[in-house]
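Subject: Structure for your review

Dear colleague,

Please find below the structure that I am handing over to you. My findings follow it, arranged by topic.

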Amino acid sequence: MSPFTDKNGELYAEGVPVSAIAEAVGTPVYIYSRAELEARYLAYAQALEGMPGMICYAVKANGNLAVLNVLARLGAGFDIVSVGELEKVIAAGGDPARVVFSGVGKRADELARALEAGVYCFNVESEPELERLQAVAAAAGKVARISLRVNPDVDAQTHPYISTGLKENKFGIAIERAEAVYEKAAAMPNLEVSGVDCHIGSQLTTIAPFLDALDLLLGLIDRLAEKGITIRHLDLGGGLGITYQDEEPPAPDVYLAAVRERLGDRNLELILEPGRSIAGNAGILLTRVEMLKHTEHKQFAIVDAAMNDLIRPSLYGGWHDIQPVKPNGGEAQCYDIVGPVCESTDFLGKERMLSLAEGDLLAIHSAGAYCMGMTSNYNVRCRPPEVMVDGEAYHVVRQRETLEALLAAESLLP
Ligand code: LLP
């Protein structure tokens, strides 16, 4: 059951009426549920029970320190793509030995810092990166554990902007090239070949593409074994979808049962890198209606959140459920929910049947993943604060950005 439910005619986050948070902190504001984050992580951890492996939460989905800390306390691993994410994981109490480092453009200083921190594995995405890592590890007198991110050329059947496992995508090493690159890696003195990984896309709602990719990776693992290269771990990336509207993605236990069946009695450690399916439905964005504007063609609800606060609708045509915090029972009309930013793509939802009045609070659902992390200051708008609800209590886990701080970062010419 969602932690965001109606009680006594208004929306609650766990045991807290969200209107109380709006009163205290203002709007727009992101609100997360600790219980939901924990439940989503534990669903994965339990599905993995009895086999060696790690659930490495993809920090990019939501990298708030409190979010990372809640997961770190449960023993989560983390998937990172920058040294910034690494430092956040460490600051949140995460264990670097349970971190995998993904990403197509890792800088030498990032590789060096990750090596020093002792990350579990580098998910290498190209031959130049392999050479760079060998050089960095040699200079540090260390051995770096690696996996090659293989691009299996599988269609994830998701939005093209979040599809990553096709030939034309920039990610990974083409599966036909992989054996040769593994041989090269195995000959590098400061690298230790450990795994194979892939990530074919995000917001997948069926498991068939994952299993297609898995089969291709297992074939590769067998061919490598014939060449004397032993693969000890398999990392299938993230990608399991969530319900935004009426999608029915499989639960982690269904997905993992299918994977485990395919793996049989192979001696492989299994790593997953879920982001959205842990954080996505653990958060909402709360916004207030500033004005209702009626034109000849349309009715607009202009709210105090905008595309800079939540860019998924503008960028991917993402659909987020939008509901009044205190439904007024009036007659619903068709509204476009838009922000104050000077762009026609600045909308949060289109053609929603709602009964609204100026000053109403609206909850934008499924906003726990890829929302706060993708905010910007466009139109000189301060980023919203983040609040974590924990039962009957709530905590501000990131302050609202101030104009003062924004201005202080810039300077005039001398
Ligand atoms: N591992 C790697 C290597 C990834 O690139 C990603 C996501 C994940 C794991 C986590 O995937 P997830 O379980 O969250 O699907 N901003 C887009 C989503 C971009 C996903 C990028 N990579 C959106 O808002 O839909």
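At roughly what angle do the axes of helix H7 (residues 175–186) and helix H8 (residues 208–226) cross? In this model, which is predicted, the two axes cross at roughly 30° and come within 11 Å. Angles under 35 degrees count as roughly parallel, and H7 is therefore roughly parallel to H8. The crossing in which H7 passes H8 is right-handed. On the H7 side, the contact is formed by Ile-175, Ala-178, Glu-179 and Tyr-182, and on the H8 side by Leu-216, Leu-220, Arg-223 and Leu-224. By class, the residues of this contact are six nonpolar and two charged, with no polar residue.

Helix H8 has a further packing partner, helix H9 (residues 252–263). Here the axes are 11 Å apart and the angle is about 25°, so that H8 is roughly parallel to H9. This crossing, too, is right-handed. Phe-210, Leu-211 and Leu-214 of H8 make the contact with Tyr-255, Ala-258, Val-259 and Arg-262 of H9. Six of the residues in the contact of H8 with H9 are nonpolar and one is charged, while none is polar.

Another helix pair consists of H4 (residues 83–91) and H5 (residues 108–117), whose axes come within 10 Å and cross at roughly 25°. H4 is therefore roughly parallel to H5. In what sense do H4 and H5 cross, left-handed or right-handed? The crossing of H4 and H5 is left-handed. Val-83, Leu-86 and Ile-90 in H4 meet Glu-110, Arg-113, Ala-114 and Ala-117 in H5. The contact of H4 with H5 comprises five nonpolar residues, two charged residues and no polar ones.

I turn next to the domains. The protein is divided into domain 1, which covers 4–32 + 280–408, and domain 2, which covers 34–276. Their C-alpha centres lie 32 Å apart. How many residues of each domain are in contact with the other? There are 21 residues of domain 1 in contact with 21 residues of domain 2. On the side of domain 1 that touches domain 2, the elements giving two or more residues are strand S20 (386–390) and strand S21 (393–398). Strand S20 supplies the largest share of that side, namely four residues. That side of domain 1 divides by class into 10 nonpolar, six polar and five charged residues.

With kind regards

Note on methods
Residues are numbered from 1 along each chain as its sequence is written. This is a predicted model: local features need pLDDT of at least 70, side-chain atom pairs count only at pLDDT 80 or more; totals for chains, interfaces and linings use all residues. Axes are lines fitted to C-alpha atoms, for helices over the stretch in contact, and angles run from 0 to 180 degrees between N-to-C directions. Angles under 35 degrees count as roughly parallel, over 145 as roughly antiparallel, 65 to 115 as roughly perpendicular and the rest as oblique. A crossing is left-handed if the near helix is turned anticlockwise from the far one by less than a right angle, and right-handed if clockwise. Two residues are in contact if their C-beta atoms, placed from the backbone, lie within 7 Å. Ala, Val, Leu, Ile, Met, Phe, Trp, Tyr, Cys and Pro count as nonpolar, Asp, Glu, Lys and Arg as charged, and the others, Gly among them, as polar. Domain bounds come from an automatic or database domain assignment.
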